[in-house]
Amino acid sequence: MSDWLGPSDGGGESAGLFAAPGSEPEGGRVTAGLPPVRPDAPLAVRMRPTSLDEVVGQGHLLGPGAPLRRLVEGSGAASVMLFGPPGTGKTTLASLISRATGRRFEALSALSAGVKDVRAVIDLARRRLTSGEQTVLFIDEVHRFSKTQQDALLAAVENRIVLLVAATTENPSFSVVSPLLSRSLVLQLQPLTAEDIGALLDRALRDPRGYGGGVALTEDAADHLVRLAGGDARRALTALEAAAGTALDAVDESEPGEPVVVDLETVEASVDKAAVRYDRDGDQHYDVISAFIKSIRGSDVDAALHYLARMIAAGEDPRFIARRLVVHASEDIGMADPTALQTATAAAQAVQLIGMPEARLALAQATIHLATAPKSGAVIAALGAAMADVSAGKSGLVPPHLRDGHYAGAEKLGSAVGYRYPHNAADGVLPQQYPPDELIGVDYYQPTGHGAEREIAARVGKLRRIVRG
Ligand SMILES: Nc1ncnc2c1ncn2[C@@H]1O[C@H](COP(=O)(O)OP(=O)(O)OP(=O)(O)O)[C@@H](O)[C@H]1O
């Protein structure tokens, strides 16, 4: 999602962009590309490249003769799909294309725009054509558009009423209708490398649009910001802004000419602030997801559906919701209903395959399955206990009879010697030591006896008695 789509983004570039299409600011826009940036806009917005030379990474698209470079230099594709992770430059490149080709820039977000909005922008572009003016229509998150909405774009693309630049974080082969796809130049953006992010941070520290030399980062603080960014430039700059804000607030008066230094501690203390800043649903995002999960865990199916609906309405990334469902199928239901994990995983796959809006049904089904399923926290407790022992150094040698025996000389070392093959036992289970000596008799898994785990509880008891002799 672009800076100007988030409700908590400070609004730098938002004014007017998502106003009703056709309602031009007074006097019309005189420049192509995104509107001028306000000085109080978020750092990521202020640092948005104003020329191709400022774009880092994406060399495969921008090198001499590469597709985007050619496009910017005036070659005639009818439509471009920019497919790549968030914060890698999709919006930026769309704006640069319009700027470099002298076209007007109109943007719609598939999260909020309907067919009517699409038609209105196309009408505006058609009117402009009569006076020789061309338009770049940027559609963010195009994978969220329904088939009807995408169809509404087709004729305008075909008749070259607009140059469509569509951005998507999802593979367009699954989410974009094929007539549109076949008319588009599909370009994949790569996550930015650590060097790319490092260079962007550096530029933000030095450039007058950023801190103009007034802030510096210690080396470990810079490394940490690069790690936090995970290849996302916006995340890097948002985290830098939060950390720099904390550091600047903490100094009364810096020595003239001396930059305020941001250290690792300050970055660590500020990242939550950064996370809140760029989330989709403002401060409520984490509260709603937390209430969603707690309602599932608490078996309140109706409340869970309410929070799911809120997240869908807020335009929450369906993959994020699906990932939470997969995690909680194991964390809160586990072996009390092992099929919950299958339903959650299937919902995640459905999101991947069919996208929104249809995939919301799979998310709802998984929510209902998980909320109404018998509950068990035994999986997370079992893994937690085993991990705690490993971290505390409670470990030990693998018993010799379980060691690998598939190499020359293994037998001489006693490896695999005396191993008993359970399938030879009448029930497929026989007495034998499996844990290291230090952990003999330790029970990590404590089945709850809820749902399907009741049967497992009885079985685990029996198995432990046989195996431990
Ligand atoms: N390749 C890049 N080079 C330089 N700056 C970048 C690059 N990519 C992103 N940025 C910085 O990150 C900000 C956000 O980037 P942009 O909006 O172009 O990302 P996006 O790919 O459209 O992300 P999303 O999918 O979240 O909308 C920009 O304003 C700019 O400061």
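At what angle do the axes of helix H5 (residues 115-130) and helix H6 (residues 147-158) cross, and within what distance do they come? In this predicted model, the two axes come within 9 Å and cross at roughly 10°. Because angles under 35 degrees count as roughly parallel, H5 is roughly parallel to H6, and the crossing of the two helices is right-handed. On the H5 side the contact is made by Val-115, Val-118 and Ile-122, while H6 contributes Gln-149, Ala-152, Leu-153 and Ala-156. Sorted by class, the residues in this contact of H5 with H6 comprise six nonpolar and one polar, with no charged residues.

The chain in which this pair sits has 19 helices and seven strands. Of its 469 residues, 46% are buried. Taking the contacts between residues at least 6 apart in sequence, 74% join residues that are at least 24 apart.

A second pair of helices can be described in the terms used for the first. Two packed helices are described by the angle between their axes and by the distance between those axes. For helix H15 (residues 318-333) and helix H17 (residues 359-372), the packing angle is about 20° and the axes lie 11 Å apart. That angle makes H15 roughly parallel to H17, and H15 passes H17 in a left-handed crossing. The residues of H15 that make the contact are Pro-318, Ile-321, Ala-322, Leu-325, His-328, Ala-329 and Ile-333, and they meet Leu-363, Ala-366, Thr-367 and Leu-370 of H17. By class, nine of the residues in the contact of H15 with H17 are nonpolar and two are polar, and none is charged.

Which residues of H9 are buried? They are Asp-196, Ile-197, Leu-200, Leu-201, Arg-203, Ala-204 and Leu-205, a list in which Asp-196 and Arg-203 count as charged by class. The partners against which the buried residues of H9 pack include both kinds of element: helix H1 (43-46), helix H10 (219-229) and helix H11 (233-250) on the one hand, and strand E6 (215-217) on the other.

Terms used:
Residues numbered from 1 in each chain as written. Predicted model: local features only at pLDDT ≥ 70, side-chain atom pairs only at ≥ 80, totals over all residues. Heavy atoms only, no water. Axes fitted to C-alpha atoms, helices over the stretch in contact; angles between N-to-C directions. Helix = DSSP H or I, 4+ residues; strand = E, 2+ residues; numbered from the N terminus. Parallel < 35°, antiparallel > 145°, perpendicular 65-115°, else oblique. Left-handed = near helix turned anticlockwise from the far one by under 90°. Contact = heavy atoms within 4.5 Å. Buried < 20%, exposed > 50% of the residue type's maximum accessible area, 1.4 Å probe, protein only.
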